[in-house]
Structures are given as C-alpha cells and as structure tokens.
Amino acid sequence: IIFLPGRGGHPPYTTPKGYYDMFDPKEIEQKAPLRMPYPENKPQYLSKTQGLPYWRNLTTFNQSFFYDLNAVYLGMMAYMDYNF
C-alpha cells in the first residue's frame, strides 16, 4: 500500500475504533513508566522553564495525558502493522 496524498502531506492522524483503544494506558504505565521529565543532569534545552517543553507548551499536561497519547500511538502502529 502506498499513500499518495491528494490533499495534505500525510495520512490522517486517526485509526479505527478497535485500534484506537486497543492498549490500556494504565497497563502502559505499569510496564513502561515515563522517565522523569525534568532531571537536573539534562541539557538546558530540556528544562521546564527555558527549554523545548516550555516552548512547545508541554508543561501544562499531567502524566496521564502522555500515557493516553502513548496508548493511541501504539494502536496506530498496530493498525499500520495490520495493513502491511
């Protein structure tokens, strides 16, 4: 399958319902916990007040948002695997 866009540059950021909710965010939290978001020994461009998270407005989200996001992403990848 080749994606040839008629409008826009990529396929839609969505997936069928069965894949969208295929993975449980709570299970991901148990098996693959997030790393500490702002550790002391990281470069300044990763800091909460001056780095990319600040400029990309990622500092206002709680951890559950990122687990939900990861679960949907894994479902999208499972759908891609199914197609190919």
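Buried means under 20% relative accessible area, exposed means over 50%, and partly exposed lies in between (1.4 Å probe, protein chains only). This is a predicted model: local features need pLDDT of at least 70, side-chain atom pairs need 80 or more, and totals for chains, interfaces and linings use all residues. Residues are numbered from 1 along each chain, and side-chain values use heavy atoms, without hydrogens or water.

Q: Why is Y79 called partly exposed?
A: Y79 has 24% relative accessibility. That value falls between the 20% and 50% limits, so Y79 counts as partly exposed.

Q: Why does Y19 count as buried?
A: Its relative accessibility is 19%. The limit is under 20%, so Y19 is buried.

Q: What makes Y19 and Y79 a tilted aromatic pair?
A: Rings of Phe, Tyr and Trp (its six-membered ring) pair if their centres lie within 6.5 Å; planes under 30 degrees apart are stacked, over 60 edge-to-face, the rest tilted. Y19 and Y79 are 5.0 Å apart centre to centre, with 55° between the planes. The pair is therefore tilted.

Q: Which parts does this pair tie together?
A: Y19 lies in helix α1 (residues 17-20) and Y79 in helix α4 (residues 63-83), so the pair ties together parts 60 residues apart in sequence. Helices here are DSSP runs (H or I, at least four residues), numbered from the N terminus.

Q: Why is the pair of F65 and F66 called edge-to-face?
A: The angle between the planes is 80°, and the centres are 5.2 Å apart. The angle is over 60, so the pair is edge-to-face.

How values were computed
Helix = DSSP H or I, 4+ residues; strand = E, 2+ residues; numbered from the N terminus.
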